[in-house]
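Please keep the sequence and the model at hand while reading.

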Amino acid sequence: MKLDGKVAVVTGAASGMGKAIAELFAAEGAKVVVSDLNLDKAQEVVDGIKAKGGEAIALVANVAKEEDVQGLIDGTVSQYGTVDILINNAGIMDNFVPAGDLTDELWDKVFAVNTTGPMRTIRKVLPIFTEKKSGVIVNVASVGGLFGSRAGTAYTASKHAVIGLTKNVGFQYATQGIRCNAIAPGAVETNIASTLTAINPFGMERAQVGMGVNPGTGQPEEIAKVALFLASDDSSFLNGTTVTADAGWTAY
């Protein structure tokens, strides 16, 4: 097993890519903390993991709240004694709102979850990682963090920031046995579309321009396999980089 005995925290793990990551990590021997806003759904994931012989607990957390992030990592350490792997998966969309229609409220909301949340979880685990000179961080970014119009302005900027955060942490802590990488998924079948509540017609139209060259939509399990690679020793020489998983969409 690639993660035997490791303790992994996965945010946004009640559904979609987070759920698939939690389930795969547990199957590979990790003790998984399934974290999400929806504790009932997170517990369902935990129950499924346990039914297959894995080990997991559910902890409710809104990564946009500092106190929740503190409680998430403290709760993990209380239960399992440490943290070895952090998967920052929680994220929301932005209704494809372009810059001309963007409000401060939407900008702040998207950045709070997509960018500030990962910063806070990383900040919280780094003392644990630096003390033992070991630790892995995987940030789920997006092809929207590499290119300009896969979403609206706030989402695009927030995911670009996540990739910058990944590079900075990866390099600065490399000599302390800590790795930080990101995944940039393309179109994947998840429920993140449920965070789309009032789509902006202009922004959506502009974002759809490149959809015709998209070779296909991925499954959460396919992204989970990339996360496993980055979290395991198989990727020991990868640090501060972003792995694009999009069926070749952005290769055009």
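Is Lys-2 buried, partly exposed or exposed? The model is predicted, and in it Lys-2 has a relative accessible area of 43%, so this residue is partly exposed. The side chain of Lys-2 meets that of Asp-234 in a salt bridge, 2.6 Å from N to O. This pair links distant parts of the chain, 232 residues apart: Lys-2 is in the segment before strand S1 (7–10), and Asp-234 is in the loop between helix H7 (220–231) and strand S7 (242–245). Asp-234 is partly exposed as well, at 46%.

The structure holds seven salt bridges. Another one joins Glu-66 and Arg-123, with the closest N and O atoms 3.0 Å apart. Because Glu-66 lies in helix H3 (residues 66–80) and Arg-123 in helix H4, the pair ties together parts that are 57 residues apart in sequence. Lys-124 in helix H4 and Asp-74 in helix H3 are 50 residues apart, and these two form a salt bridge at 3.1 Å. Shared partners join Glu-66, Arg-120 and Arg-123 into one network of salt bridges.

Helix H4 (residues 104–132) also packs with helix H5 (residues 153–172), at an angle of about 15 degrees and with axes 8 Å apart. The two helices are therefore roughly parallel. Their crossing is right-handed. By class, the contact has 13 nonpolar, four polar and one charged residues, including Trp-107 and Phe-111 in H4 and Tyr-155 and Leu-165 in H5.

Beyond its neighbours within four places in sequence, Gly-177 is in contact with Lys-133, Ser-134 and Gly-135.

Conventions
Residues numbered from 1 in each chain as written. Predicted model: local features only at pLDDT ≥ 70, side-chain atom pairs only at ≥ 80, totals over all residues. Heavy atoms only, no water. Axes fitted to C-alpha atoms, helices over the stretch in contact; angles between N-to-C directions. Helix = DSSP H or I, 4+ residues; strand = E, 2+ residues; numbered from the N terminus. Parallel < 35°, antiparallel > 145°, perpendicular 65-115°, else oblique. Left-handed = near helix turned anticlockwise from the far one by under 90°. Contact = heavy atoms within 4.5 Å. Nonpolar A, V, L, I, M, F, W, Y, C, P; charged D, E, K, R; others polar. Salt bridge = Lys/Arg side-chain N within 4 Å of Asp/Glu carboxyl O. Buried < 20%, exposed > 50% of the residue type's maximum accessible area, 1.4 Å probe, protein only.
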